[in-house]
Amino acid sequence: MTKKLTADVKRKAVIGIYSTYGCMSAEQASCFIKRKMDLTISASAVSGIMRALFAKGYAGSSKNEKNTTIYWLTVPAWEIKEDENDGK
């Protein structure tokens, strides 16, 4: 049984994985988070968090040749302000 993760834990995990590994899809980030942090966060949750960060100018995105959205951070992780509404 997996424990319920708070929005803040998910947000910090997503920011941490993109800060460490750069650009990738939400599906790839979800797998990296599971493998590196042993947390289960769905690709749709990762995508929601990254879209919220994109809207605030903290992240970028584009489509690759397979029409998959690729996300990356545009500012260092320590410059991203906390917001309880990200990913909701």
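This is a predicted model: local features need pLDDT of at least 70, side-chain atom pairs count only at pLDDT 80 or more; totals for chains, interfaces and linings use all residues.
Which residues does Leu73 touch, not counting residues up to four places away in sequence? I started my notes with that one. Leu73 touches Ile15, Tyr18, Ser19, Met50, Leu53, Tyr58, Ala59 and Ile80.

**Core.** Next I looked up the largest nonpolar core, and it holds 23 residues. Leu73 turned up again: with Tyr18, Ile33, Val46, Met50 and Leu53, it is in the group that touches the most other members. Helix α1, helix α2 (26-37), helix α3 and strand β3 each supply at least two residues. The top contributor is α3, with six residues.

**Helix pair.** I went on to α1 (residues 7-21) and α3. Their axes come within 10 Å and cross at roughly 75°. An angle from 65 to 115 degrees counts as roughly perpendicular, so I put α1 down as roughly perpendicular to α3. Who meets whom here? On the α1 side I listed Lys10, Arg11, Val14, Ile15 and Tyr18, and on the α3 side Val46, Ile49, Met50 and Leu53. Tyr18, Val46, Met50 and Leu53 had already come up in my core entry.

**Sheet.** Then the strands. In what order do the three strands sit? I read β1-β3-β2, an open sheet with antiparallel pairing. The edges are β1 (24-25) and β2 (59-63), each of them pairing on one side only. I looked at how β1 is held to β3 (residues 69-73) and found two bridges, with the strands running antiparallel. Met24 stands opposite Tyr71 in β3. I also checked what covers this part of the fold: helix α3 (residues 43-55) lies across β2 and β3, running at about 60° to β3.

**Ser25.** Last entry, on a residue of strand β1. Is Ser25 buried or exposed? Its relative accessible area is 6%. The cut-off for buried is under 20%, so Ser25 goes down as buried. I then listed its contacts, leaving aside neighbours within four places in sequence: Tyr18, Thr68, Thr69 and Ile70.

Technical notes
Residues are numbered from 1 along each chain as its sequence is written. Side-chain values use heavy atoms; hydrogens and water are left out. Two strands pair if DSSP finds at least two bridges between them. Helices (H or I, at least four residues) and strands (E, at least two) are DSSP runs, numbered from the N terminus. Contact means heavy atoms within 4.5 Å. Axes are lines fitted to C-alpha atoms, for helices over the stretch in contact, and angles run from 0 to 180 degrees between N-to-C directions. Buried means under 20% relative accessible area, exposed over 50%, partly exposed in between (1.4 Å probe, protein chains only). Angles under 35 degrees count as roughly parallel, over 145 as roughly antiparallel, 65 to 115 as roughly perpendicular and the rest as oblique. A nonpolar core is a set of buried Ala, Val, Leu, Ile, Met, Phe, Trp, Tyr and Cys residues joined through side-chain atoms within 4.5 Å.
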